[in-house]
Structures are given as structure tokens and as C-alpha cells.
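Please look over the sequence and the model before reading on. The notes below are meant for a first reading.

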Amino acid sequence: ITNLEVKQGNVRIEKGGKVTNITSETSEEITVDLEEGGTLVNIPDASTNIIVRRSISTAEGLKAFAAEVNSGKTYAGQTVVLTADIDLNNADWTPIGGLARYPSVTFAGTFDGNNHTISNLKTSDFTTNHATAGFFGSITGTVKNLTLTNVNITSSHYAGGIVGYSSANGAVIENCHVNGGTITSTPEYTGTTNDSTNGYDNGDKVGGIIGYMVSGDKVENCSVNNVKIQAFRDFGGIVGCADGNGVTVTDCTATNISLIQDGTYTYEDKKPNTFDGIVGVKGGNPSVTNNTSSIASVKIINCFADATLEQALSLDAKTIEVNLSGNVALNTSNFSTQRGGESTATITINGNDHKLTCNSTYRNHITTAGATIVLNNLTMTSNYKTEGSTWDDYAIIFDCSTAISNVSFERQVALCKPYIH
């Protein structure tokens, strides 16, 4: 049918049906149910009273929808509904929406997963300076009621399980869940080498749900479970970067997640200390409320920055592992500062023949809530000057269980029971 004029009622386009140009002769809202296999050429924009509700039940239908968005159909004002679980079978998936032509090439409608599951998503994006990977690469609309299982997502910049990027000032992600898999962003080589960049950039803003969001965007009632998240900086269990006072992240849970900070391809002016169980980095004062996280492990690959070490040792993870790639310092000025958390069993620092300096104007006490500190292949020293009393003779005091191998101490050390002040 060409140039269909609707005077009353709704329209359903079934499999094999095709309508080119649909208009309305009534002011009442008209719903067009576009079933999988049906075709509607020239989807009405959001300014009309025609609401398109597209149903998808197969991987082929999902790919066709993605291709439409990536060709410039935003679905603004329209709804897409999953009507069945879909297995993508680890076939290469092109993210829905991108960044290079954002927001003209993005998803602007409502995607309703209808409480269905998409499994075995494998996707990547390495577009120079504009990489954004996830089920959706970018959105300005709403994604809700969707579960992803067993994701494999890689990028050289933004990455998220549900969405990589939004700067819509009104995008919404609600009741979405990511169960199992890996989400990774690695810095890209820009070819511009100087003292501040070392030729690399990006590799940041990575989240279990969304990589980057701005004021007005919302993530609500979402969860991430058993997912490994790896990046250079700005990464979190739910959101990588929440940038703005009007950002909302609420009623979300991140369970049994692994956080890996990789400083292999670093750029020196960006000291990576921005990672966390919920939101990696907060710009301004976003509303981050009523969220919970449990971190299975934290691992730092090639730690060269004091702030990275401090951040890793501040998290309540079951295991914490830090691998030094340079000399670093730890602030030990506060007696009561505990390393790790109540859930932490071991904190391992592999020195790789580098030096760890304890910084304090008083004795350097290193304390945990019950974790064992494991030190390997390391030199330890302190900038504290002893004053001559019995305890002052010991510049470094471990108030916790320790396991030490091939460690050289340049100052006095005491291994003792938790210190009582």
C-alpha cells in the first residue's frame, strides 16, 4: 500500500505486508502495530499522532531494527517491543546507534524488552575518538525491562552493557540487567606523542549498565551480576561516568563484579583513580542513592600512580591485587584508616622490584579489618623520622596479618597484633 490515509482506528502491518507513507485524517492517536517481517517505509516522526509499535521476536528482526537506526531512523516517539527471548550466538553485533554522528544517528524512541532476555551478545567499536560499544552504542530515548546475559563488549572509549553513551539530558534506562560476561575498554594509540599523552588517549568511561551519562539522564532499578569490567579509568559496576548535577542513579545493585584497572597503555596526565562498585567518576554532584555493590575482586595492572593505589585499597572487595610498574606512595597518616573492607580476605602488592613509600608525619600504621596483606618483590620505606621512644623506633607498623616475600625494608618495621590506641 502506498500513501495510506487513516480516518479511524488502528493499523497492523503483518509479516510480508508493506506500507509506504502513512498519514492520519483524525486528531485522535493512532497505533500502528508493525509485526516482525512487516515493512513501514518513512516512519512518521514524533510530531504526528501516529504511534508506531514495532514487535521483534528473532535475531534477524533485531538486526534489521539495528540497521534501520544506524541508517538514520531514530524512532523518535515510537516504541520497539521484544516479544521473545533472543540468542545472538556470539555473532558480531553492531551497536545500535553511534557517536560519530550523534544525535542524528542514535535511538530516540522507547525500547521495551518486555522482561525478555538477549543472550550471548558480542560487540566492539574502535572508531577513532568516537568508539562506543554496548547493545546500544548510544541513545537519547528510553530502554527498559531488558536483560542481557553473557556479554562480550570491547571498545577503545565508551562502553556499557546496555548503552555505551548518552548526552541526551533526558535518556532513561530502567529495570535493565546484565548477567555474566566482560566489558573492556583499552586506550587507543592516537599517534600524537608528547610528555602528557604518550601517544594514547581514551580507554575510559565504562559501566556495567552505561558508560557515560549527563545531567537529566537516569538509571533506575538496574543490576549487574558476575561481570568483569576493565578500563584505564572512569569505570564502575553500574555507570562509568555520571557527569552533571542532574544525573540520577538509584535503586541499582552490582553483585560479584570484578574491577580491573589497566595502566599498560597509559597517558601520564590522567592519573587513574576513578573506579568504584557503582559509579566510577562523578562530575558535579549527581544523585547517586540507594545503590548497593559487592565486589569480588579488584586488580590493578601496571600501577604507577599514588591515587590508583589509594583507591584500590579503599574498596571493600574480597580480594585486592596491585601490580606496581613504578615507585608509589601510600598515605599512612591516619591510624584508623583500614585498607580494604569487612569483606576483604587478602590484599596483595606485587612490587616488581619497585618502591613503596609510607607517607606520614607520625608513625606509619597499616591496618585492615581482618585481611592479610601479602607483599612480594618490593622495597618499603618511610618518610617518618623516629624520635627515640620504644615505638618510635619502628617507622612502619603492620597492625594486621602479613605474608612477606623478597621485601627489603629501608626503615624499621614491626609486625604485631592490631594496635590499640
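The model is a predicted one. The protein chain contains two helices and 39 strands. Of its 421 residues, 53% are buried.

**The chain as a whole**

- The C-alpha trace spans about 95 × 45 × 40 Å along its principal axes.
- Contacts between residues at least 6 apart in sequence can be sorted by their separation along the chain, and 72% of them join residues at least 24 apart.
- Two cavities of 30 Å³ or more turn up in a search of the whole structure.

- Strands of a sheet pair through backbone hydrogen bonds, and the pairing is either parallel or antiparallel.

- Strand β1 is joined to β3 (residues 18–24) by four bridges, and the two strands run parallel.
- Thr2 stands opposite Thr20 in β3.

**The largest pocket**

- The largest pocket holds about 190 Å³ of space.
- It is lined by 14 residues, and the closest to its centre are Gly97, Gly98, Leu99, Ala100 and Asp125.
- Sorted by class, the lining of this pocket has four nonpolar, eight polar and two charged residues.

- The largest cavity holds about 80 Å³ of space.
- Its lining consists of Leu313, Leu330, Arg339, Ile347, Ile349, Leu356, Ile366, Ile373, Leu375, Met380 and Phe398.
- Strands β34 (346–359) and β36 (372–382) each supply at least two residues of that lining.
- By class, the lining of the largest cavity has ten nonpolar residues, no polar ones and one charged residue.
- The second largest cavity holds about 30 Å³ of space.
- Ser185, Thr186, Pro187, Gln230, Ala231, Phe232 and Asp262 line the second largest cavity.
- These lining residues divide into three nonpolar, three polar and one charged.

**Phe135**

- Where in the chain is Phe135 placed? Phe135 is in the loop between β11 (132–133) and β12.
- Phe135 has a relative accessible area of 0%, so it counts as buried, the cut-off being under 20%.
- Leaving out residues up to four places away in sequence, Phe135 touches Leu62, Trp93, Pro95, Ile96, Phe111, Ile118, Leu121, Leu146, Leu148, Gly160, Gly161 and Ile162.
- The C-alpha atoms of Phe135 and Gly97 are separated by 9.3 Å, while the two residues are 38 residues apart along the chain.
- Gly97 is also among the residues closest to the centre of the largest pocket.

**Thr367**

- Is Thr367 buried or exposed? Thr367 is buried, because its relative accessible area of 12% is under the 20% cut-off.
- Thr367 lies in strand β35, which covers residues 364–368.
- Not counting residues up to four places away in sequence, Thr367 touches Phe335, Thr337, Gln338, Arg339 and Asp399.
- Arg339, one of these contacts, is also one of the residues that line the largest cavity.

Terms used:
Residues numbered from 1 in each chain as written. Predicted model: local features only at pLDDT ≥ 70, side-chain atom pairs only at ≥ 80, totals over all residues. Heavy atoms only, no water. 1 Å grid on protein atoms, 1.4 Å probe; cavity = no way out; pocket = protein on both sides within 12 Å on 5 of 7 lines; lining within 4 Å. Points joined across faces, edges and corners; volume = space filled by probe spheres on them. Nonpolar A, V, L, I, M, F, W, Y, C, P; charged D, E, K, R; others polar. Buried < 20%, exposed > 50% of the residue type's maximum accessible area, 1.4 Å probe, protein only. Contact = heavy atoms within 4.5 Å. Pairing = 2+ DSSP bridges.
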